[in-house]
Amino acid sequence: MIVRSFDELENTERHVRAASGTWESKRIVLARERVGFSLHETVLYAGTETAMWYANHVEAVVCTAGEAELTDHETGRTYTIVPGTMYLLDGHERHTLKVKADFRCLCVFNPPVTGREDHDENGVYPLLTEPEPASGPKPGPKPDTTARDDV
């Protein structure tokens with residue numbers, strides 16, 4: 001079991017700030033946990049625009065605070081995203097978030113990110129992986145070696 005608070009991630013390697021200066025993210029669950037997804041709390045700053053294209057990932061986003069205008073570049077549609085709204089980028093849609101008020105959200109990525117990613121010039125996160133853990137016996141229950149006379 002893993003239990004983490006946002007406060008304990010503050011200013012650690014799991015607290016990532018974009019080179020663009022438009023967002024910061026606390027990476028709560030990463031690829032190294034080997035659970036098949038990553039989970040982040042991200043804040044995008046008011047007055048900024050961030051163009052993104054998760055060509056290598058599917059992302060689900062739930063807004064918990066703030067307001068942003070989401071533009072789907074595949075369809076041209078624009079959506080207002082406010083607390084309680086979710087969007088799912090299940091088709092790897094190119095999109096832009098234009099932030100009206102500091103936009104706080106929870107994001108889930110599949111495949112999971114490593115925590116080292118930042119958007120490239122196309123708005124893409126590269127597909128980074130974690131090395132496989134060293135092989136060896138997996139911990140588990142010890143075999144029952146007590147004698148039995150009912151065999």
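Is Arg104 buried, partly exposed or exposed, and what is its relative accessible area? Arg104 is partly exposed, with a relative accessible area of 35%; buried means under 20%, exposed over 50%, and partly exposed in between, with a 1.4 Å probe and protein chains only. The model is predicted: local features need pLDDT of at least 70, side-chain atom pairs count only at pLDDT 80 or more, and totals for chains, interfaces and linings use all residues. Residues are numbered from 1 along each chain as its sequence is written, and side-chain values use heavy atoms, with hydrogens and water left out.

**Confidence**

- The protein chain has an average pLDDT of 85, and 76% of its residues score at least 70; pLDDT is the predictor's confidence in each residue, from 0 to 100.
- Residues 137-143 have a pLDDT below 50, and beyond near neighbours in sequence this stretch has zero contacts in the model. A contact means heavy atoms within 4.5 Å.

**Overall layout**

- The protein chain contains one helix and eight strands. Helices (H or I, at least four residues) and strands (E, at least two) are DSSP runs, numbered from the N terminus.
- Read from the N terminus, the order of elements is α-β-β-β-β-β-β-β-β.
- Among contacts in the protein chain with a separation of 6 or more, 61% are between residues 24 or more positions apart.
- Of the 151 residues in the protein chain, 37% count as buried.
- The protein chain has an accessible surface of about 9200 Å², and carbon and sulfur atoms hold 53% of that surface. Accessible areas come from the Shrake-Rupley method with a 1.4 Å probe; for residues, only the protein chains shown count as cover.

**Salt bridges**

- Side chains of opposite charge can pair when their charged atoms come close.
- The structure has five salt bridges, each defined as a side-chain nitrogen of Lys or Arg within 4 Å of a carboxyl oxygen of Asp or Glu.
- One of them joins Glu33 and Arg4, whose closest N and O atoms are 3.4 Å apart. Glu33 is in the loop between S2 and S3 and Arg4 is in the segment before H1, so this pair ties together parts that are 29 residues apart in sequence.
- Glu33 counts as buried at 16% relative accessibility, whereas Arg4 counts as partly exposed at 29%.
- Another salt bridge is formed by the side chains of Glu10 and Lys26, at 2.6 Å from N to O. Because Glu10 lies in the loop between H1 and S1 and Lys26 in strand S2, the pair ties together parts that are 16 residues apart in sequence.
- Glu10 is partly exposed, with a relative accessible area of 35%, while Lys26 is buried at 10% relative accessibility.
- Arg104 meets Glu41 in a salt bridge of 3.0 Å, N to O. This pair links distant parts of the chain, with Glu41 in strand S3 and Arg104 in strand S8, 63 residues apart.
- Glu41 counts as buried, at 8% relative accessibility.

**Aromatic rings**

- There is one aromatic pair; rings of Phe, Tyr and Trp (its six-membered ring) pair if their centres lie within 6.5 Å, and planes under 30 degrees apart count as stacked, over 60 as edge-to-face and the rest as tilted.
- The ring centres of Tyr54 and Phe109 are 5.0 Å apart and the ring planes stand at 90 degrees, so the pair is edge-to-face.
- Tyr54 is in the loop between S4 and strand S5 (58-72) and Phe109 is in strand S8 (residues 94-110); the pair links distant parts of the chain, 55 residues apart.
- Tyr54 and Phe109 are both buried.
- Arg94 has its charged end over the ring of Trp53, 3.6 Å from the ring centre. A charge sits over a ring if NZ of Lys or CZ of Arg is within 6 Å of the ring centre and within 35 degrees of the ring normal.

**Backbone features**

- Asn110 and Pro111 are joined by a cis peptide bond, with omega about -5 degrees. Pro111 is in the segment after S8.
- Asn11, a residue other than glycine, has a positive phi near 60 degrees. Asn11 lies in the loop between helix H1 (6-9) and strand S1 (15-17), and counts as exposed at 57% relative accessibility.
- Arg34, also a residue other than glycine, has a positive phi near 55 degrees. Arg34 is found in the loop between strand S2 (23-29) and strand S3 (38-44), and is partly exposed with a relative accessible area of 42%.
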